[in-house]
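Subject: Structure for you to look at

Hello,

Here is the structure I said I would pass on. Please open it first; my notes follow below.

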Amino acid sequence: MIDPVIDPVTDSAIHPVNGASSTVSVRGLAKSYGRNRVIDDLDLTLGTGVTGLLGPNGAGKTTLLRCLATTLAPDAGRMRVLGLDPGTRGPRTELRRRLGYLPQDSGFYPHFTVFEMVDYVAILKEMTDRATRHKEVRRVLAEVDLGDRARTKVRKLSGGMRQRLALAQALLGQPELLLLDEPTVGLDPEQRLRLRALVSLLGESRTVLLSTHQTEDVAALCERVVVMHGGRVLFDGTPGGLAGVANGRVSLSGERPEGDRLIWRTADGRYRTLGEPPLGAEPAEPTVEDGYLMLLGTSPEPVA
Amino acid sequence: MNGTWHIPSDLLERYLGGDLDVAQVMSVEAHLVRCARCRTAVPGDETWLAASWERIEDAVGSPRPRPAERVLRHLGVPRHLARLLVATPTLSRAWLAAVTAVLTFAIVAAHAAGNGFPAFLTVAPVLPLAGIALAYGRWVDPAHESHAATPLAGPRLLLLRALAVLVTAIALTGLAAPLLPAMTAAWLLPSLALAGGCLALATRVPLPLAAAALGAGWIGVVAVTGGLTGDWSVPFGPTAQVVYGCAAPVLALVLYSRRHRLDPGEPQ
C-alpha cells in the first residue's frame, strides 16, 4: 500500500476551483438500489470550471450525476445545486431551468428529425416563443456541428452524431451547470477534440461536471478531477496531482520484467511497468492514467 | 388597387411584426414597390432588417411540421403543445393500432354474443386508463432520462399527455360505437370517471399502480355484479350512470387541487 498522497489543491473539496463560490454542494449523500449501496456518505463541492469524474464501472458516477440532474432522489444527504434544494418541487423546477444534462444513454424519437428533436427539448425547457426557440435550436446544432443535418431523421444518424445531438440538447438555454455523462463515447478523434474545445470554453464561465472513463480527456480539459470508487470519493485534486500518485512507480525497460506488475509493450518496443520498478529500468513520467490505475489498484482509503 | 389606397395601419403593423401569411406579405410588398408614401412608414433600420432576415431564415430553415402536428394545429392546439403531444408514446401509430384492434374485437364479440355488448362496454373505459398509465415514464419513453431533467417534466407533461390520450381514446371509441348492434353511449361516463379517478389516485400512489388498480377493480365490479344479479347491464344502467356523472367532475376537482402531488411513478 502506498502512502497517502496529499494533492496541493485537494482543498478544492471545500474551496472550489478558481476560488469561485460553490454551485454544487453535496454532504453525506447516499443512494442504494436494494441492498447495493451505490453512493456512500459522499461529500463534494463544485465551482466554476471543468471537473472530471473518473471511476470504474459501478463506482457511482452516473448515480451522482442523476441525483444532481434531479432525475433521481438520494436516500440521504444534503444537496444544494445552484443555491437550490433539488428535494423540493419549486426549487427543483427552477434548477431544471438552469441545468443541462447529457445522460449516459440518451434516447431519441427515431422518426423525429434532428431539428425536431432539439426543438422538442427546447419546448420542454419552456421556450415557447417559436422564433426565439428556433434560433436557439440552430445555435446549439451549429455548436455541435450538426447544422447541416437539421432535416435528417434521427434514425439515420451514426452513433457519434447521436451523441452530438444529445449534447446539443444539453446546451439549450445556456445552462449554468452542465452535467455530462460520458460525452465522448462514440465520437471520432476530430469530434472529440472539438468537444474538448467546446467544453473547455463552456467551463470558463460555468460549472461542468464530466463523467468519463477516458483519462486523456481528463488530462486535456479538466482543471480538477474526482475519482470515485465504491460510492465514495477516493481522490479529489488536479490531474497533475492524480498523475503524481504514480510518481516513482512508472518505468521503462528493454526486457519484459517478471512479476505481477501491470506491464505493457509500448510503440517503441520497450516495456512500461506500473508498480515497483524492475532492476535496471529507467524511470518514466507518470500520466493521469498511471495515477488512476495506481490509485485503484493499491489504495483502499480516500486520498484527500 | 387605385392610386389613393394606402396600407392601413393595422395591416402595416402586422406586416412589420411578421404576422401576415405569405399571400398578404406579397400583396403588401407589391404595393410598397409602387407607393413612396407607404415606403416611408416601413423602418429601414438594421435591427428591423436583422429581425426580418431571422424570420426568413426560420421560415426556410425549419422543417415543416409533421402531419399529426398539422392536424392538432387545425384543431386549435398551440404549435409547441402539438409538438409535445406527437411524442406521447401512447399516441404512436402502434398504440393507436392496438386500441383499434381491441375495439374491433369488442365489436365482433358484441355481434357474435347476441345478448348485448358487455365486452365492448367493459373494455372501452379501460383503454384510456392503459393509455394514461403508459403515456409517461422511463419504461415507455426512450428519451425519458434526458427529458426528465427539464422544467416541464413530471406532473405537467404527464397531465398534458394524459388529457391527449383520454381525448383520443374517447374519440376512437366514439367512432367505433355506431358499429355496435345498437347505439349506446353507456361507456362514456365510466371512461371519464375512471380516467379522473386514476389521475386523482395518482396524487397518492404512483400512476401505473393507480391505473392497474382501477382497471382491475372496474373489470372485477362488472364481473361480480353480473354474476350476483344475473344482469350484466347493471353497472351501465341509469343509476350507475348518475354515479359516474357525479364522480367525474368531483374527481377532476380533486385532481386539480392536488395536481402538484401527481406521482408519475418516478424515483423522485
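In the sheet of chain A, Ser251(A) stands opposite Pro283(A), a residue of strand 13. Keep in mind that this is a predicted model.

That pair of residues is a way into the sheet in chain A. Strand 10, residues 250-253, and strand 13 of chain A run antiparallel to each other and are joined by two bridges. They belong to an open sheet of four strands in chain A, ordered 11-12-10-13, with antiparallel pairing. Strand 11 (262-265) and strand 13 (282-283) of chain A are at the edges and have a single partner strand each, so one side of each has no neighbour in the sheet.

On overall dimensions, the C-alpha trace of chain B spans about 85 × 45 × 30 Å along its principal axes. The radius of gyration of chain B is 26 Å, whereas a compact globule of 268 residues would have one near 18 Å.

Two further figures for chain B concern burial and contacts. Of its 268 residues, 33% are buried. Among contacts in chain B with a separation of 6 or more, 71% are between residues 24 or more positions apart.

Regards

Technical notes. Residues are numbered from 1 along each chain as its sequence is written. Chains are lettered from A and ligands numbered from 1 in the order in which they are written. This is a predicted model: local features need pLDDT of at least 70, side-chain atom pairs count only at pLDDT 80 or more; totals for chains, interfaces and linings use all residues. Two strands pair if DSSP finds at least two bridges between them. The radius of gyration is taken over C-alpha atoms; the globule rule is 2.2 Å times the number of residues to the power 0.38. A residue is buried if 20 or more other C-beta atoms lie within 10 Å of its own, exposed if 12 or fewer, and partly exposed in between; C-beta atoms are placed from the backbone. Two residues are in contact if their C-beta atoms, placed from the backbone, lie within 7 Å.
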